[in-house]
Each structure stands twice: as structure tokens, then as C-alpha cells.
Amino acid sequence: MSRVLLSFLWVTLLAPLNAPVQSPADAAAAQNATTDASPLVTTADEAVPSAAASTPTATGLTYMDGLILGIVEGVTEYLPVSSTGHLILTNRFLGLDVPLPLLDDEGQLIPGKRIDPATGEPAPFTLEEAANAYAIIIQGGAIIAVVILYWKRLWSIVEGLLGKNRNGLLLLRNLMAGFLPAAFLGLLLDDFIESVLFGVWPVVIALVGGAFLMLGVERWRRARHGSSAPESGPDLHELSIRQSLLVGLLQCVAMWPGTSRSMMTIVGGYVVGLSPARAAEFSFLLGLITLSAASAYKALSLGPQMLAALDLGPVLFGIVVATVAAAFAVKWLVSYLTRHGLALFAWYRLALAAVVAATIIWG
């Protein structure tokens, strides 16, 4: 099963590396050279020739883009390999990361949230901004998958709120404690992260750093716990507030794209004594809150621009695909971690970082 998963990720993410990739600057220059009246054209056939197997249309997103992004998001969201990092790389190789202004259905420029320092007016909403926002919103598919798979845990929380299940109430307390650090730092650093760290090289650096962290933590866990039973250690509701906050603080490191929220929360689960399976489950449930907040924030902040720029069909199609892919990935990950730990994902991250870096340098 692990060989199949790695082969699937390899084909999905790295096959486009054989195609030439234009930088945003090159794409803009090509657009200026081939447009008589104005560079403000949204078709990627003119902006990014041969940049990927599928090219964005005037709406910025096709059904093929939605399919590919949905598969990548669903498979990688809960694996410790960084879904955001993979989506940034996928956006690049699909040609969706070009800073070309998008037009609405009436052919008018869509004003974005950024202010143009030269004019003091809102800068046009670009294909790159739409793709980066969709990389967050598509996480809704992974959220739905966890709701379906872990409905019993979630129902225990509902019962806890009704005073019928103390363990469910304690679980909710722990999840909220784990969420608070990300809620505070996420709002504080959102603009900085998107403007500085949403790029290929920051992702490569994070992939490498996360790989070595996982190898070290996995070695420490095995030395400390040896061959303990898969379900040894506390259950999720038995964690203290301090332990839950620690996991939440570690989750904040994953705001750097390419680090992996799943990786940091699983590592945090190891540190506070959870078994691999329960560390993964806590990661899934904590992600349900964190991802919901991030997706809702992005949808509210850029909702009008997204609706004007992107067709609703491909957007929803990508989310549905992500739901199905995430459900399979979650079921597989719990079983795999119990038997083998994190090492496979560390080596995968190193291999992916090496291939991406080599492609950028020598491609």
C-alpha cells in the first residue's frame, strides 16, 4: 500500500516537472509582448504557454485543475507531508501562480484586497491570489472527510455540551486549548505568511527541515517506548490543558508552508505521550477546527473576489474530490503509523525537496 501511495503522489505532483515552467515575471513579459492593447488578460494560453497539462481559462480554474488539486489536497492534508506545500508546488506546475489580473463576467477588472502603492487604489485581483486562496478553501473537503469518519467522537462532544458525556466535554476542552495558539498567531501573521512564505523555495526548506525533525522524533519515540502496545498511553480526553496547548503551539510552526500541520500535531502528540494512532486522531480532530477556521476566514475575506473570478463548478468539484481522497488517506494513515511510524514520510519529503530544487536550478 505504501508503494502505491508514493507512486500516486509521485505521478500526480512530479510528472508536470518535465514541462517548461515560466516564472511570474517571464509570464507577464510574454503577455505584454503578445497583447496589442493591455496586459490585463486572464487566459493562461497567452500567459503561460505549455506550463502544465491543463491551462486556466478566463475563470482562472478548470475542472481538470479542480480534479488535480482535489486529489493533492485530499491525499496530503492529513499525511505529514504538507498539503499547502504540495498545493503551492501544484499551482506552479499547473501555471496558476502567475500574477495576471482576472476579469469578471462583464470583462471588468476585479479589485483585490491589496492596495497599489503607486495609485492608492485596490490592486487587481490576480490568478496567483485566487489560486493561493483556493489552496486554503479546498481544505473544506478534508474537513468533511473527518466529520464523516469521526462522527462518534464528534457526537460525544455534542453529548458533553448537553451534560451527558463528561469525556466528550473534556475532549472539546483539549481541542479548544490546542486551537487557541493557531487562532491568535494565524490572524496576526496571515498577510506576512502569504506574501513572504507562499513560494517554492520556502516550501523546499520546510520539507527538508520537517523530514529531519520527523526522523529525530521517531527515533526518540522508539527509544523511549520500545514495542509498547499500539493503544498505550492516554486517551484524547485524558490530556491536560497544558499538554493540549503544547500540541497547539507546535501546530503554529506549520504556518510556514511545507512544514505540515499534520506532522507538527502528530509530533506534539508523541511528545505528550499519545500513541501513534491517537496522535493521528488528535491531529485530525484538531485540524477539523483549525482548517474550518482558516477556510472560513479566507472565504469571508476573499469571497466576493473568488465568486467573481472563478466558476463555482470547478471550485465545488475540487472540494468533492478532496473529500473522497482525504477519507482514504485518513484510514490508511492510522493503520500505517501504528505499524511503521513516521520515517517513510520523512524520506518522501527529502526526495520531493531534492527533485523540486533540482528542477528549479537546472530545469
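# Salt bridges, pockets and a surface patch

The structure holds 7 salt bridges, and the model in which they are found is a predicted one. Side chains of opposite charge can pair when their charged atoms come close.

**Salt bridges**

- Glu 281 and Arg 153 form a salt bridge in which the closest N and O atoms are 2.6 Å apart. This pair links distant parts of the chain, since Glu 281 belongs to helix α13 and Arg 153 to helix α8 (residues 151-161), 128 residues apart. Both Glu 281 and Arg 153 are buried.
- Asp 235 and Arg 278 also meet through their side chains in a salt bridge, with 3.9 Å from N to O. Here too distant parts of the chain are linked, with Asp 235 in the loop between α10 and α11 (241-253) and Arg 278 in helix α13, 43 residues apart.
- Asp 235 counts as buried because its relative accessibility is 17%, and Arg 278 is likewise buried, with a relative accessible area of 17%.
- Arg 153, Asp 235, Arg 278 and Glu 281 are linked in a network of salt bridges.
- Arg 221 forms a salt bridge with Glu 218, the closest N and O atoms being 2.8 Å apart, and both residues lie in helix α10 (residues 200-225), 3 residues apart, which is about one turn of the helix. Arg 221 is buried at a relative accessible area of 10%, and Glu 218 is buried at 4%.

- The largest pocket contains about 680 Å³ of space. It is lined by 31 residues, of which Ile 136, Gly 186, Met 255, Thr 290 and Ala 294 are the closest to its centre.
- In the lining of the largest pocket, 16 residues are nonpolar, 10 are polar and 5 are charged. Helix α9 gives the largest share of this lining, 8 residues.
- The second largest pocket has a volume of about 460 Å³, and among its 17 lining residues the closest to the centre are Lys 113, Arg 114, Glu 129, Asp 191 and Glu 194. Two or more lining residues come from each of β1 (111-115), α6 (127-137), α9 and α13.
- The lining of the second largest pocket divides into 4 nonpolar, 5 polar and 8 charged residues.

**Surface patch**

- Phe 184, Leu 188, Leu 189, Phe 192 and Val 196 make a nonpolar surface patch of about 510 Å².
- Phe 184, which is found in helix α9, counts as exposed because its relative accessibility is 58%, and the cut-off for exposed is over 50%.

Conventions: Residues are numbered from 1 along each chain as its sequence is written. This is a predicted model: local features need pLDDT of at least 70, side-chain atom pairs count only at pLDDT 80 or more; totals for chains, interfaces and linings use all residues. Side-chain values use heavy atoms; hydrogens and water are left out. On a 1 Å grid over the protein atoms alone, a cavity is a set of points where a 1.4 Å probe fits but cannot get out, and a pocket is an open set with protein on both sides within 12 Å along at least five of seven lines; lining residues have an atom within 4 Å of a point. Grid points are joined across faces, edges and corners, and a volume is the space filled by probe spheres set on the points. Helices (H or I, at least four residues) and strands (E, at least two) are DSSP runs, numbered from the N terminus. Ala, Val, Leu, Ile, Met, Phe, Trp, Tyr, Cys and Pro count as nonpolar, Asp, Glu, Lys and Arg as charged, and the others, Gly among them, as polar. Patches are made of residues with over 30% relative accessible area and no salt bridge: like charges are joined within 9 Å, nonpolar side chains (Val, Leu, Ile, Met, Phe, Trp, Tyr) within 5 Å. Accessible areas come from the Shrake-Rupley method with a 1.4 Å probe; for residues, only the protein chains shown count as cover. A salt bridge is a side-chain nitrogen of Lys or Arg within 4 Å of a carboxyl oxygen of Asp or Glu. Buried means under 20% relative accessible area, exposed over 50%, partly exposed in between (1.4 Å probe, protein chains only).
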